[in-house]
Amino acid sequence: MVETALRYHAGLVQEKHIEVCKEMPDVLVASVYPGDFVQLVSNLVRNAVEALPAEGMLSIRLRASEGTARLTVADTGRGIPLPMRARLFEAFQSDKAEAGNGLGLWICKTIVEKHGGRIQWRSSTRGKTHGTVFSVSIPLEGPGEDGASASAALSLAT
């Protein structure tokens, strides 16, 4: 599913000559809603790619850790502006002027919470350390008690 989200943005990644560094197992199986998980990864990747300058770096790591699937998406972009930080996960918040509708991170937070997980971030707009990192933790056993999720492979080597 991570690879699916990456392929969706491959054109822009190639156009901007972005270096993508992936650190993922061949397979990591977790109980997730597949469409939601692809949307989550796609939103985080899209935000990172749009924030990156030409020849920037996008890093994606997926691993199992202490009963959770941990996804990290990091970029060497401009960082999140200070005025945006307090309301980052609110609907209709965007610093992209006309390019975005401000729903991407709100959707990410909703998906992560639906899966019983957490989303954290850090960002810098200063000096050589500028960029943003989003870290998502989702329990491997599933999002809820209803068992409605499907076990799905989060990462498949291509």
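**Exercise 1. A strand pair**

In which sense do strand S5 (residues 118-124) and S6 pair, parallel or antiparallel, and over how many bridges?

*Solution.* 
- Start with the pairing. S5 and S6 run antiparallel to each other over 7 bridges. Two strands count as paired if DSSP finds at least two bridges between them.
- Take one bridge. Ser124 has Gly131 in S6 as its bridge partner.
- Then look at the turn. S5 and S6 make a hairpin with 6 residues between them, and Gly127 in that turn has a positive phi of about 45°.

Before going on, note that this is a predicted model, in which local features need pLDDT of at least 70 and side-chain atom pairs count only at pLDDT 80 or more, while totals for chains, interfaces and linings use all residues. Residues are numbered from 1 along each chain as its sequence is written, and side-chain values use heavy atoms, with hydrogens and water left out.

**Exercise 2. The whole chain**

List how many helices and strands the protein chain has, and give their pattern along the sequence.

*Solution.* 
- Count the elements. The protein chain has 5 helices and 7 strands. These are DSSP runs numbered from the N terminus: helices are H or I with at least four residues, strands are E with at least two.
- Read along the sequence. The pattern is α-α-β-β-α-β-β-α-α-β-β-β.
- Check burial. Of the 158 residues in the protein chain, 46% are buried. Buried means under 20% relative accessible area, exposed over 50%, and partly exposed in between (1.4 Å probe, protein chains only).
- Check contact range. Among contacts in the protein chain with a separation of 6 or more, 72% join residues 24 or more positions apart. A contact means heavy atoms within 4.5 Å.
- Finish with the surface. The protein chain exposes about 8500 Å², and carbon and sulfur atoms supply 52% of that area. Accessible areas come from the Shrake-Rupley method with a 1.4 Å probe; for residues, only the protein chains shown count as cover.

**Exercise 3. The largest nonpolar core**

Which residues touch the most other members of the largest nonpolar core?

*Solution.* 
- Name them. The core has 35 residues, and Phe37, Leu40, Leu44, Leu58 and Leu71 touch the most other members.
- Find the suppliers. Helix H1 (2-8), strand S2 (29-32), H3, strand S3 (57-65), strand S4 (68-75), helix H5 (104-114) and strand S6 (131-139) each supply at least two residues of this core. H3 gives the most, with 7 residues.
- Recall the rule. Such a core is a set of buried Ala, Val, Leu, Ile, Met, Phe, Trp, Tyr and Cys residues joined through side-chain atoms within 4.5 Å.
- Zoom in on Leu44. Beyond its neighbours within four places in sequence, Leu44 contacts Leu71, Val73, Leu105, Cys108, Ile119, Phe134 and Val136.

**Exercise 4. Cysteines**

How many disulfides does a search of the whole structure find?

*Solution.* 
- Apply the cut-off. A disulfide here is a pair of cysteine sulfur atoms within 2.5 Å. The search finds 0.
- Cys21 counts as partly exposed because its relative accessibility is 37%. Cys108 is buried because its relative accessible area is 0%.

**Exercise 5. Positive phi**

Where are His17 and Glu55 found?

*Solution.* 
- Recall the background. Most residues other than glycine have a negative phi.
- Take His17. His17 is in the loop between helix H2 (10-15) and strand S1 (19-23). Phi of His17 is near 55°. His17 counts as exposed because its relative accessibility is 55%.
- Take Glu55. Glu55 is in the loop between H3 and S3. Phi of Glu55 is about 65°. Glu55 counts as exposed because its relative accessibility is 64%.
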